[in-house]
Amino acid sequence: MANNLDSNITRKVLKKFLPMFSKDCVSAKSVNRSIISDRDFDPSSGDTVDVKRPHQFTAYRNATGDLTSATADSLVAGKASATVQDYITVYTGWSNVERALKLDQLDQILKPMVYRAVSELETSLNSFILKNSAHQIGVAGTSLTTWKQVSRVDAFANEIGFPNDGNLMAQLGSFDVANLADVQAGQNNNNQNAMAWERAQLTNNIAGINYFRSNALVSHSPGTHTGTLTLSATPTQTYLVAKDTYQTSLSITGFGNNVTGAVKAGDVIQVTTAGSGYLQQQTKQTAYGEGGNEILYTAAVSADADSNGSGVATVIVNGPAIFEASGAYNTIASALASGDSVSVISGAVGSTNKPNLFYHKDAFGLCTVALPRLEGGVESSSASHEGFTMRVSKFADGVTNTQKLRIDMLPAFACYNPLLAGRLFGGTTPGQ
């Protein structure tokens with residue numbers, strides 16, 4: 001029997017749409033979808049839900065075990081915030097004649113709507129990941145050409161101190177995957193009935209990392225970062241200041257005067273002064289990268305920043321520089337200071353590139369918020385499937401004699417730790 005759209009259309013659409021949507025998702029399945037849930041958001045929560053950050057502690061060692069000269073670590077509560085994004089809506093309508101003649105194959109009607117919804121969700125998620133990824137491996141705009149370059153993700157993650165639990169992800173662009181075709185036999189699963197996530201995974205994964213091909217990566221155009229850049233002031237580098245945002249404010253001088261967009265959201269700032277590079281987050285020892293060089297402090301610009309009449313810009317970056325006497329929460333080996341040299345390494349002025357992304361699954365969170373049903377003569381239903389929640393609403397326009405259908409999804413994104421994420425290019429960046 002053909003699909004009957006005369007009654008209960010919203011439930012019928014949901015029953016078809018949600019499994020099709022989940023099956024087509026790739027990037028959305030690579031981040032944590034369990035720390036926050038659709039039920040965490042309600043009228044009392046507003047558009048933000050907070051998740052507690054884990055405490056960290058200092059380990060003391062001496063011959064006798066005497067802690068007389070030791071200072072007990074303070075318990076400082078920090079939080080990460082999940083924030084509701086814009087609605088994602090696909091919307092269509094049909095006349096009574098069209099409905100009678102054409103709407104007998106629901107799968108065929110819904111499939112293009114599924115593609116658009118998946119595309120909107122995953123490109124917005126990857127834009128969020130890009131702007132919240134502190135690290136960069138390789139030279140911006142340089143393509144990957146060997147699996148050795150790709151394998152640096154595992155080495156870098158281990159040296160920085162990512163959790164070693166098999167949840168390291170890497171999204172590779174289509175043409176970078178094509179460049180690796182001489183050593184990449186194909187995809188993990190060519191069964192077209194398999195989920196898109198399964199089909200996108202690459203064979204011969206290196207060191208257990210989940211590499212997959214992605215068509216939802218986003219491009220980046222750097223700001224107008226000309227000039228010799230330095231820190232114009234010593235930034236605040238305490239955990240107390242950074243604990244709720246995991247950000248650091250940097251005052252940088254050397255830009256042109258009154259430049260709009262001196263740096264852009266998603267640019268990567270690197271402090272090139274030796275000695276203040278990253279610590280391995282588990283051992284708290286200085287982290288060393290390719291060639292035996294320390295891994296320099298880098299962080300992603302969170303929002304566009306303009307320079308003032310003196311060529312100074314206040315730049316908020318994701319990836320905190322923390323240096324305190326206790327050391328429990330420290331991220332860098334020594335404090336950043338006024339006069340330290342700074343570079344923007346996310347690409348040349350006027351260029352555009354599309355970074356590959358790598359991150360631990362727990363660096364980012366995603367949920368889709370449960371939406372209330374629409375009222376007032378509207379047939380409306382909501383449902384969840386494999387962690388994705390949607391609402392379908394059907395209503396009529398009596399003036400134009402048409403039936404209309406809208407499918408809504410309201411995502412919420414969270415960055416739990418920007419230090420567990422970065423972008424990947426070919427070539428070698430100093431300090432990496």
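The legends below describe close-up views of a predicted model.

In this model, local features require pLDDT of at least 70 and side-chain atom pairs count only at pLDDT 80 or more, whereas totals for chains, interfaces and linings use all residues. Residues are numbered from 1 along each chain as its sequence is written, and side-chain values use heavy atoms, with hydrogens and water left out.

**View 1. The protein chain as a whole, with seven helices and 19 strands.** Helices (H or I, at least four residues) and strands (E, at least two) are DSSP runs, numbered from the N terminus. Buried residues, meaning those under 20% relative accessible area, with exposed being over 50% and partly exposed in between (1.4 Å probe, protein chains only), make up 48% of the 432 residues in the protein chain. Where contact means heavy atoms within 4.5 Å, residues 24 or more positions apart account for 79% of the contacts in the protein chain with a separation of 6 or more.

**View 2. The packing of helix H1 (residues 9-24) against helix H3 (residues 106-131).** The two helices pack at an angle of about 50°, and their axes are 9 Å apart; the axes are lines fitted to C-alpha atoms, for helices over the stretch in contact, and angles run from 0 to 180 degrees between N-to-C directions. H1 and H3 are therefore oblique to each other, given that angles under 35 degrees count as roughly parallel, over 145 as roughly antiparallel, 65 to 115 as roughly perpendicular and the rest as oblique. On the side of H1 the contact is made by Lys12, Val13, Lys16, Phe17, Met20, Phe21 and Asp24, while the residues of H3 include Leu106, Leu110, Val114, Ala117, Val118 and Leu121.

**View 3. The largest nonpolar core, around Phe17, Phe21, Ile269 and Tyr359.** A nonpolar core is a set of buried Ala, Val, Leu, Ile, Met, Phe, Trp, Tyr and Cys residues joined through side-chain atoms within 4.5 Å. Of the 94 residues in the largest one, Phe17, Phe21, Ile269 and Tyr359 touch the most other members, and the largest share of this core, 11 residues, comes from H3. A second, separate core of 13 residues includes Ile36, Phe41, Ala414 and Tyr416. Phe21, not counting residues up to four places away in sequence, touches Val114, Ala117, Val118, Leu121, Phe388, Met390 and Met409.

View 4. Val342 is buried, at a relative accessible area of 6%. Although Val342 and Thr272 are 70 residues apart in sequence, they are 5.7 Å apart in space, C-alpha to C-alpha. Apart from residues up to four places away in sequence, Val342 touches Leu229, Thr230, Leu231, Ile252, Ile269, Gln270, Val271 and Thr272.

**View 5. Ser381 in strand E15 (residues 379-385), and Glu386 in the loop between E15 and strand E16 (388-397).** Ser381 is buried, with a relative accessible area of 6%, and, leaving aside its neighbours within four places in sequence, is in contact with Thr10, Arg11, Leu14, Arg373, Met390, Arg391 and Val392. Glu386 is partly exposed, with a relative accessible area of 41%, and has a positive phi of about 50° although it is not a glycine.

**View 6. Tyr246 in the loop between helix H7 (239-242) and strand E8 (247-253).** Tyr246 is not a glycine, yet it has a positive phi of about 50°. At 6% relative accessibility, Tyr246 counts as buried.
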